[in-house]
Amino acid sequence: MSYTVENLEKSMAKLTITVSAEDFEKAMAQSYNKNKSKINVQGFRRGKAPRKMIEKMYGPEIFYEDAANFAIPDAYEEAAKDSGLEIVSRPEIDVVDIEKDKEFVFTATVAVKPEVSLGEYKGIEVEAKEVKVVAADVNAEIDKVREQNSRMITIEDRGIKNDDTAVIDFEGFVDGEPFEGGKAENYSLVIGSHSFIDNFEEQLIGKKIGEEAEINVTFPEEYHEPSLKGKPAMFKVTIKEIKEKELPALDDEFASEVSEFETLKEYKASVKKSLLEKKKEEARLEKEDAVVGKAVENATIEIPAPMVEEQAGQMVQEFAARISQQGLSFEQYMQMTGMTAPALRSQMIPEAEKRIRTRLTLEAIAAKENLKATDKDIDEEIDKMAEMYHMEADKMKEMMGDAEREQISMDIAVKKAVDWIVKEAVEA
């Protein structure tokens, strides 16, 4: 096997790879063994016809496709490794010359890791953000807990008001005729949730249990059912129940039930402390994002399109895995949303490019500032991974090859680059 490398524009390269006649003959033999049982030759049982006989009848071309498929992977892998190119995409293969008893020539066009021209990344100026927690923040957080511990009580002595849950029977009519999907019984509707069209919910306010009402609404022009778009409709509604949410009293008893503290004062102090820690972390991440974002913005990188496509493909796979963890197959999600895999992939292109640009910039900063992972750093990271996967660290280290350790090393260097530029940043 021999090869040549041609550097192309926009961080692309073309490898022209030549497989020796001897090695291509081995691939032809493999192709024959794979296909001989599928080829009929008069006078021979299926799979028993000699290769020369088949080639005489059908031409050697009958074996070319599979022979190329046998020859290409190993030859490409060897050439890619020997070339020293940092290849960041799958190869686009084109056959140049294929003929029996001759050298087999093909090209592999690949994207290579682009060069990064760093701009300003030291002393990046970011806006200082004051972190504080006021009484309203504490009260809002506690109100969420009260909501979680609320109960529904049945109301019988008044009409419906905002925020009530009304249990209703209803049937809808358009042009005096009932329409499909417009009828339900014992439907729970939160008044003010705007989950029904137009001003349906508002017209129920004041109505009491047992009352019947005619509610007039108009379907929006963008309604999902074409036959109902923009149409006026009348709903016959019967009020079955009225329920009101009752929040627990804000007192020491409530505090002791929802926390480890005995008094409301202690509970509030704990909530304030937790909120302050949370806001500090949010501010830290916000500052980190701002600093990294400016460093990336200041860098110049010409990212090859196949690299972005490769990243977008990985993101689709990650998305499918997350969907699967929720008990929904990727195919089911596609059917439910009307989305297609190519459309989803296309939507992910901007984020894919952002991820690549960010990663390359941080790698370049790490290299320029000599920020490297130590053996101790790598071992500690492997220990964390082992704990996550409930494995022994030594076993995980045994499973890892040089490539995996190199990836971990680079990930750590990137984290160090983030910490470094954030530390160097100036708050204005």
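Predicted model: local features only at pLDDT ≥ 70, side-chain atom pairs only at ≥ 80, totals over all residues.

Trainee: Is arginine 51 buried or exposed?

Mentor: Arginine 51 sits in helix H2, which covers residues 51–58. Its relative accessibility is 15%, and the cut-off for buried is under 20%. So arginine 51 counts as buried.

Trainee: Which side chain does the side chain of arginine 51 make a polar contact with?

Mentor: Start with what arginine 51 touches beyond four places away in sequence: Glu25, Met28, Ala29, Tyr32, Phe63 and Lys100. The polar contact, at 2.6 Å, is with the side chain of glutamate 25.

Trainee: How are H1 and H2 oriented to each other?

Mentor: The axes of H1 (residues 21–35) and H2 come within 11 Å and cross at roughly 90 degrees. Angles of 65 to 115 degrees fall in one class, so the two helices are roughly perpendicular.

Trainee: What is the relative accessible area of serine 31?

Mentor: Serine 31 is also in helix H1. It touches Phe63, Asp66, Ala67 and Phe70, leaving aside residues up to four places away in sequence. Serine 31 is buried, and its relative accessible area is 0%.

Trainee: How far apart in sequence are the parts that glutamate 55 and lysine 100 tie together?

Mentor: Their side chains meet in a salt bridge, 2.5 Å from N to O. Glutamate 55 lies in helix H2 and lysine 100 in the loop between strands E3 and E4, so the pair ties together parts separated in sequence by 45 residues.

Trainee: Which of that pair is buried, and which is partly exposed?

Mentor: Glutamate 55 has 8% relative accessibility, and lysine 100 has 28%. Buried means under 20%, so the buried one is glutamate 55 and the partly exposed one is lysine 100.

Trainee: Which strands hold arginine 151 and glutamate 246?

Mentor: These two form a salt bridge, with the closest N and O atoms 2.6 Å apart. The pair ties together parts 95 residues apart in sequence, since arginine 151 is in strand E7 and glutamate 246 in strand E11.

Trainee: How many salt bridges does a search of the whole structure find?

Mentor: Side chains of opposite charge can pair when their charged atoms come close. Another example is lysine 287 with glutamate 427, at 3.4 Å. Searching the whole structure gives 32.

Methods. Residues numbered from 1 in each chain as written. Heavy atoms only, no water. Helix = DSSP H or I, 4+ residues; strand = E, 2+ residues; numbered from the N terminus. Buried < 20%, exposed > 50% of the residue type's maximum accessible area, 1.4 Å probe, protein only. Polar contact = N/O pair within 3.5 Å; in protein donor to acceptor, adjacent residues only side chain to side chain. Contact = heavy atoms within 4.5 Å. Axes fitted to C-alpha atoms, helices over the stretch in contact; angles between N-to-C directions. Parallel < 35°, antiparallel > 145°, perpendicular 65-115°, else oblique. Salt bridge = Lys/Arg side-chain N within 4 Å of Asp/Glu carboxyl O.
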